[in-house]
Amino acid sequence: MTPLLPAERLGEVLGVPQLFIKDEGRNPTGSHKDRFSTVAVSMARGQGGRVLATASSGNAGASLAAYAAKSGLGCVVATFAGAAGPMLSQIHAYGASVIPMADKSDRWKLLEKAADRLGWFVTSPYQHPVVGSHPLGIEGYKTIAYEIAEQADGHLPDWCVLPVCYGDALAGVAAGFHDLHRRGTIARVPRLVAAEVHGSLSKALENGFDRIEEQEPSFETIALSIGTTRSTYQAVKALRDTGGHAVCVSNEKLIRMQKALAAREGLFVELASVAPLVAIQDLRDRQIIAPGDRVVAVVTATGLKDLDISANPTATPAPFESVEAAWQWATGRHGAEPAAA
């Protein structure tokens, strides 16, 4: 039950007064991946699994490592050069074995071999074409939809926007809303939006493709958690089934939006997690989202996850040599003393 927070100040800037933020950074390891891990690890343990494994740039690995530790199971995280340092530190702290691969694609070959020969319970994709992570774990993401419907107090959102890599959470949230609709708990299913980086879902929707095509990256993204060049059929199906959209996001807009969210709403989230807000701004600018629409942005992780990427060391001034020097700097930024009565 992570909070669903009104974001009026940022919503005013974006032209969406009824903007709400589902803050998944409040989960135990700081990301939405805990909803996946708690189910996947429970299933692995129930099936007699001894070692859990995942290919992860950070959040999924940290989450799986924590739940494996709680369950007394071994955990291996295959990662790659350039993964965010704070997330790797978190994975190590939980006692997992971290295997960095020089070639990112070799992670899957390693996990496939371990699944076949050693019987490891692999929760992430490890074969082409990608069809998403372990389907039992994806069931855990349904609870995001359940909570949004409960917290909306009868005012279901028109739109629900998520950052998307392979579409695990997107597919889970769609399934959750469809569950509620079939039961008659909600009258309709919100339209879903995928905030992505390199545009594989956008292309599939535009061209009516079922097969998701590999995209040639035009830049190196700082949103490591969603940096795939090829998403999945489950993701495009979730968008089609709900009349949704996919929106590409750039590094510059992510940085600006991360600062705007923190300064206006007091929420500091991972760079990939502000992608939904960038997508909302794009859809509002194109008048696809109407000013009266109720919109939920699912921000998936805390900003402490990728501080080594997002931190700006020049933002803090050099130490002041005197109180007077500090006073001059502070009043220059925040205004002079109020006049005496």
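In the predicted model, R35 is buried, its relative accessible area being 7%. E147 is likewise assigned to the buried class, at 9% relative accessibility. These two residues form a salt bridge in which the closest N and O atoms are 3.0 Å apart.

Across the whole structure, a search finds 12 salt bridges. One of them joins D158 to R188, with the closest N and O atoms 3.6 Å apart. D158 is located in the loop between α7 and β7 (159–163), and R188 in the loop between α8 (168–183) and β8 (191–196), so this pair ties together parts that are 30 residues apart in sequence. Both partners fall into the partly exposed class: the relative accessible area is 27% for D158 and 34% for R188.

A further salt bridge is found within a helix. The side chains of R182 and D179 meet at a distance of 2.6 Å, taken from N to O. Both residues lie in helix α8, three residues apart, which is about one turn of the helix. The two partners are assigned to separate accessibility classes: R182 counts as exposed, at 63% relative accessibility, whereas D179 is buried, with a relative accessible area of 15%.

Technical notes:
Residues are numbered from 1 along each chain as its sequence is written. This is a predicted model: local features need pLDDT of at least 70, side-chain atom pairs count only at pLDDT 80 or more; totals for chains, interfaces and linings use all residues. Side-chain values use heavy atoms; hydrogens and water are left out. A salt bridge is a side-chain nitrogen of Lys or Arg within 4 Å of a carboxyl oxygen of Asp or Glu. Buried means under 20% relative accessible area, exposed over 50%, partly exposed in between (1.4 Å probe, protein chains only). Helices (H or I, at least four residues) and strands (E, at least two) are DSSP runs, numbered from the N terminus.
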